[in-house]
Amino acid sequence: MPHHVAVLALDGVLPLDLGIPARVFNEACTSDGTRLYSVSTFSPGGRTVRTHEDFRILVDHDESVLKTADTVVIATQEPGKHLLATGTLPGDLAATLDRIRPRTRIVSLCTSAFLLAAAGLLDGLRATTHWALCDTFAELFPDVEVDPNVLFVDNGRILTSAGGAAGIDMCLHLVRRDHGAAIAAAAARRCVAAPWREGGQAQFIEHLVPRDTDRSTSATRQWALKRLAEPITLEDMARHAHMSVRTFTRRFRSEAGISPLKWLAQRRLAHARLLLESTDLPVARIAAACGFGDPVALRKQFHTHLGLSPVAYRRAHNAPEPTTVQ
C-alpha cells in the first residue's frame, strides 16, 4: 500500500506551499512507475479554504483522512492574532490536530511550526520556521529550541521546515529517508529541483547568482564531485578556483549557503548512501570511494547524521548484500 500523506489546508494557506507535498511525493515512484505515496488534501469539515491570495480552494476531504494517514503535512499558514497573543490554538483546530494518530508522522511547512508548538508537539525539541519569525517564535514558545539557520529539522516523528523552497527540500528528505537516495534523486529530477540540500544548510543565501560569474565556485564544485575518493583540502579547492582561501570560502558560502568543507562532507555522505543502496560493494570499498579513508570514519558519519550504521542503512533500504567480507 502507498504511504498515505494527508495535507492540511487552513484559511490563509499559501497556495505555492500547499502544492509542494503533492508535487514532490507524487513523483516518488518505483522503477515500473508505481507511486509510493498517495496524497490527500483536507480541511476542517471539508470546507472551502480561503487562501492567502485572491482565490479559494475546494478540497475533497475532511478530517476522516486522518484515520489512515501515515504522514500529516500542515501547509504554510501565517500565525494569526489569537495565536500570537496567547500561544494557543483555536478550539476547532486543536480538535483537528488531536485526531492525528500517535504514530503518524507530522510535518510543518514554514510558519505552520507555530501551530505545532501551540499544540505542545514541539516542547523540548529543536525546530525551525521562517527566519523572519524565529525571534517571535522563540519568545512565544521558550520550551522549543528554535534554529533560525537551517532548512529543516528532523526529530523523527516531528519535522519542521523553513520557508518557501525549504518545503521541497524536506519532502525530498522524507522520500530519501523512506525509500533511499536513488528514488529521491529521480523525484527531484522530475520536479526540476535540487536533489540534495542538507537540512543544516543556511536558510538565507546571500547571492543566488554570483555577481561575477567568471569567479563562481561552481566549476570547483564540479571538480570536487569527480574526485570524492581523493583527499581534498580547502586549500586544494581554493587553488583550483584560483582564489585565496579567504576569498574562496566567502564566495562559496555566498553561493552555496554553507562552508566548502561542510558541503564536501555532505556530498561524500550522499554518495555513500547511494552506493549502499544500489551496489553490493563492501563498506570498506565504499568508504574509500567516497573519501572517508576507512570504514571507521564512514560509520562515525552515519551514526552522527543518520543514527545507524552503514550495514543497518543498507538493510533498511533492501539494498544488495555485499558479495565479499566487509
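The buried residues of α3 pack against β1 (3-8), β2 (37-42), β5 (71-74) and α4 (113-118), contact being defined as heavy atoms within 4.5 Å. The structure is a predicted model, in which local features need pLDDT of at least 70 and side-chain atom pairs count only at pLDDT 80 or more, while totals for chains, interfaces and linings use all residues. Residues are numbered from 1 along each chain as its sequence is written, and side-chain values use heavy atoms, with hydrogens and water left out. Helices (H or I, at least four residues) and strands (E, at least two) are DSSP runs, numbered from the N terminus.

In helix α3 (residues 91-98), the buried residues are Leu93, Thr96 and Leu97. These residues lie on the same side of α3, because they cover an arc of only 95° around the axis; the arc is that of the directions from the helix axis to the C-beta atoms. An α-helix has 3.6 residues a turn, so residues three or four places apart point the same way. Gly91 and Asp98, on the other side of α3, are exposed. Buried means under 20% relative accessible area, exposed over 50%, and partly exposed in between (1.4 Å probe, protein chains only).

Aromatic rings were examined next. Rings of Phe, Tyr and Trp (its six-membered ring) pair if their centres lie within 6.5 Å; planes under 30 degrees apart count as stacked, over 60 as edge-to-face and the rest as tilted. By this rule there are seven aromatic pairs. The ring centres of phenylalanine 252 and tryptophan 263 are 5.6 Å apart and their planes stand at 70°, so this pair is edge-to-face. Phenylalanine 252 belongs to helix α10 (residues 245-256) and tryptophan 263 to helix α11 (residues 260-278), eleven residues apart. Both phenylalanine 252 and tryptophan 263 are buried.

The pair of phenylalanine 302 and tyrosine 313 is also edge-to-face, because the centres are 5.5 Å apart and the planes at 75°. Phenylalanine 302 is buried, with a relative accessible area of 0%, and tyrosine 313 counts as buried at 3%.

Serine 216 is located in the loop between α7 (181-191) and α8 (218-225). Its side chain makes a polar contact with the side chain of glutamate 255 at 3.1 Å. A polar contact is a pair of N or O atoms within 3.5 Å; within protein, one must be able to donate a hydrogen and the other to accept it, and residues adjacent in sequence count only if both atoms are side-chain atoms.
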